[in-house]
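Here is a short briefing to read alongside the model. Have the sequence and the 3D view open, and let's walk through it together.

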2 protein chains.
Amino acid sequence: MSAIRALAERSAAAARVLAAVDTARKNAALAAIADAIVADRDAILAANAADVADAARDGARAALVDRLMLDTARIDAMADAVRAIATLPDPVGATEWSPARGDGLAVGRMRVPLGVIAMIYEARPNVTADAAALCLKSGNAAILRGGREAFRSNQAIAASIARALDASGLPRDAVALVPTTEREAMNELLALDDLIDVVVPRGGEALIRFVAETSRIPVIRHYKGVCHLFVEREADAAMALALVVDGKTSRPAVCNALETLLVDAPLAPTFLPKLAKALSARGVELRGCTRSLEHLPDAVAATDADWDTEYLDLVLSVRVVDGLDAALAHIARHGTRHTEVIVTANAAQAARFEREVDASLVAWNASSRFNDGGSLGLGAELGISTTKLHAYGPMGLEALTTRKFVLRGQGQVRHRM
Amino acid sequence: MSAIRALAERSAAAARVLAAVDTARKNAALAAIADAIVADRDAILAANAADVADAARDGARAALVDRLMLDTARIDAMADAVRAIATLPDPVGATEWSPARGDGLAVGRMRVPLGVIAMIYEARPNVTADAAALCLKSGNAAILRGGREAFRSNQAIAASIARALDASGLPRDAVALVPTTEREAMNELLALDDLIDVVVPRGGEALIRFVAETSRIPVIRHYKGVCHLFVEREADAAMALALVVDGKTSRPAVCNALETLLVDAPLAPTFLPKLAKALSARGVELRGCTRSLEHLPDAVAATDADWDTEYLDLVLSVRVVDGLDAALAHIARHGTRHTEVIVTANAAQAARFEREVDASLVAWNASSRFNDGGSLGLGAELGISTTKLHAYGPMGLEALTTRKFVLRGQGQVRHRM
């Protein structure tokens, strides 16, 4: 048996144990993990310094080095995130009973862990602790495969987690770090559909596409967020402007940032000049359709490719549309099922937008930036799904579980003979 | 563009329309479909007779011909099943609101259709009507690819459905039958992950494995049901016997039939002779482990392969185990996540079995044969899932939907600037 298969078999065995562990023991283990991370801070920082030095030597971009680098504050934040997960309600074991059947047979649905969750990610070492804690709290075993750049940092964090699991009497195999970053090992992992229940890739679009196309295991993922805001003709212009500024500029590099603005034609002559003023003051480049350029003298002409581009930067494409139906058609064609916003005072138009737009979050008069687990009340998230199956949107603890049917009878049979 | 891709694009466009159609119009369309099927009975029977004649000419097995063949009663039953789906509650549009946030932003989760569902199935023509009706009621467009043997029957049924959709003012593309049964067309269909949201294969294990391994689209499936019943030492022996008889003999060819009996060692000497008597009277062949053979003189010795075999026939494998832990270990190793039963008067042992067995249905003192949508209160089912993601167990209307987040605000932004 290969080393990767052996690892996954140990994970599957640990998952069977974890499924039956009660909430108090899981929370105690999470507290122990947080304590171990803080206690091992120097070792983690030393491992991380070696990773950072290698990345710098290899000419890594500054943004990657920033994602990779840990310091005391980031390590404390990592431990705090683990402690916060301990305070969340445990979804496992809750059973919802259906109305009683006439024959006394009770039918329920019990929330249970998924089993083994494989997480494939890139340079951020804090994902190691976050993913381990979310999986543990929801009763799942985690197989973690982080990026090459963060390998030593991840090993150090995983060592702290392993020590805490041992001390808590939970199986050490509940959290496994893949001991190599070779591509071959990942390919092998992604073929183990008899042992691993779900794969969650997190990182750039190239990584996610690779995982989605290679995996034999179900994948929950999102490729990118080309998020739109539609300023409907009955919008409050000041509100719309504030929502665009927040959506585009508060953190442009994240997936719930705005990329395209759709403006209802009657509002274009008055709204677009205000938009240009507000956004140019914040260094945003505008790329406009032909009709919008009439009111945006300094904007660049948008090309067809702009409508499908996730800029992740201070760039916004702008299109004038004729009413709600045209906005819906644009979003159906260019949206990525991530986050879509309508600004309007007309409740009927908003209701149609809410119902008809296919996206993990549809917002009326609110910023696209609210699409994350914390803002939506999930407490924490493993990632955001734009796959519609199983989980759609930020994935909290509940998305890491499923429901099985339970029957309690007194000997009921289907056919009397 | 290929014909298959063009078909799927029309389905995706129809899905966008269907997502916004209200319950009354969907129910009216379902009534029209049922009426059309009855009105077109002669045409459907003629098409089916041609299919049956070809199958007989090609030497098809009797079981296949039976699944394929329609008669007046079966056509009426098909129409009745469509009418029954019209009476079920519509899951689409229901929104569950979270507790209010301090800033007045309302967060809800709205149940929405999946979009486009592709159904791949074999010889039963009634699946064409069933799947179309379930998808339509849940607001999804259906792409149906039935078996070669039933091609003309399916075309006739699809023609009735199309006529009813036209008359109801719903898009005809809401239900599309793939106009060819060539393998190449199916391969092409299974690659359209930008247009189709989920694939549900239904049929033999070979078909399902082919679909699961070929598809780029998420697949919900079950391969087989190797279902166990564990007679724990505190079981009521008469109840256990009745549940084994029901599970094994009431309909042996279905996936929720029992295949393996696990008997707790202290009960073996008294229970197994009664079992042999009851099952031999019903023509069941027993295949026993070494320890069980001591009490089953007429049984065949089981081989290792028996523990993983879905007989779908009057054959039962029998194994003596030492208590609950040994039963759980056997099921973890050989179970197929379908249906698992414990018979016991000991509530603590039953609770452990319920919690620790990983299967779509876990039953305590009730027959495995209850694992279907009708028995569990779903009204109807598209199939049974042993994939743990999204749906686990029989898939009713709710399993054909997902939930998106909805936000309703008054201009809330994430970061005040």
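In what order do the strands of the open sheet of 10 strands run? The order is β10(A)-β9(A)-β11(A)-β8(A)-β7(A)-β12(A)-β13(A)-β16(B)-β2(B)-β1(B), and the pairing is mixed. Please keep in mind that this is a predicted model, in which local features need pLDDT of at least 70, side-chain atom pairs count only at pLDDT 80 or more, and totals for chains, interfaces and linings use all residues. Residues are numbered from 1 along each chain as its sequence is written, while chains are lettered from A and ligands numbered from 1 in the order in which they are written.

**The sheet**
- Strands (E, at least two residues) and helices (H or I, at least four) are DSSP runs numbered from the N terminus, and two strands pair if DSSP finds at least two bridges between them.
- At the edges stand β10 (300-301) of chain A and β1 (95-97) of chain B, each with a single partner strand, so one side of each has no neighbour in the sheet.
- Strands β7 (residues 227-231) and β8 (residues 258-264) of chain A run parallel and are joined by 5 bridges; Val231(A) stands opposite Val263(A) in β8(A).

**Helix α5 of chain B**
- The 16 residues of α5 (residues 72-87) of chain B should span 22 Å at 1.5 Å a residue, and the 23 Å between its end C-alpha atoms agrees; the expected span is 1.5 Å times one less than the number of residues.
- Ile75(B), Met78(B), Ala79(B), Val82(B) and Ile85(B) are buried in α5(B) (20 or more other C-beta atoms within 10 Å of a residue's own; exposed means 12 or fewer, partly exposed in between, with C-beta atoms placed from the backbone).
- Seen down the axis, the buried residues of α5(B) fall within an arc of 115 degrees, so they line one face of the helix; the arc is that of the directions from the helix axis to the C-beta atoms.
- Exposed residues Thr72(B), Ala73(B) and Thr87(B) sit on the face of α5(B) turned away from its buried side.
- Packed against the buried residues of α5(B) are α2 (23-39), α3 (41-57) and α6 (126-137) of chain B.

**Buried positions**
- Val116(B), found in strand β3 (residues 116-121) of chain B, counts as buried because it has 29 C-beta neighbours inside 10 Å.
- Beyond its neighbours within four places in sequence, Val116(B) has contacts (C-beta atoms, placed from the backbone, within 7 Å) that include Ala8(B), Asn140(B) and Leu195(B).

Methods. Two residues are in contact if their C-beta atoms, placed from the backbone, lie within 7 Å.
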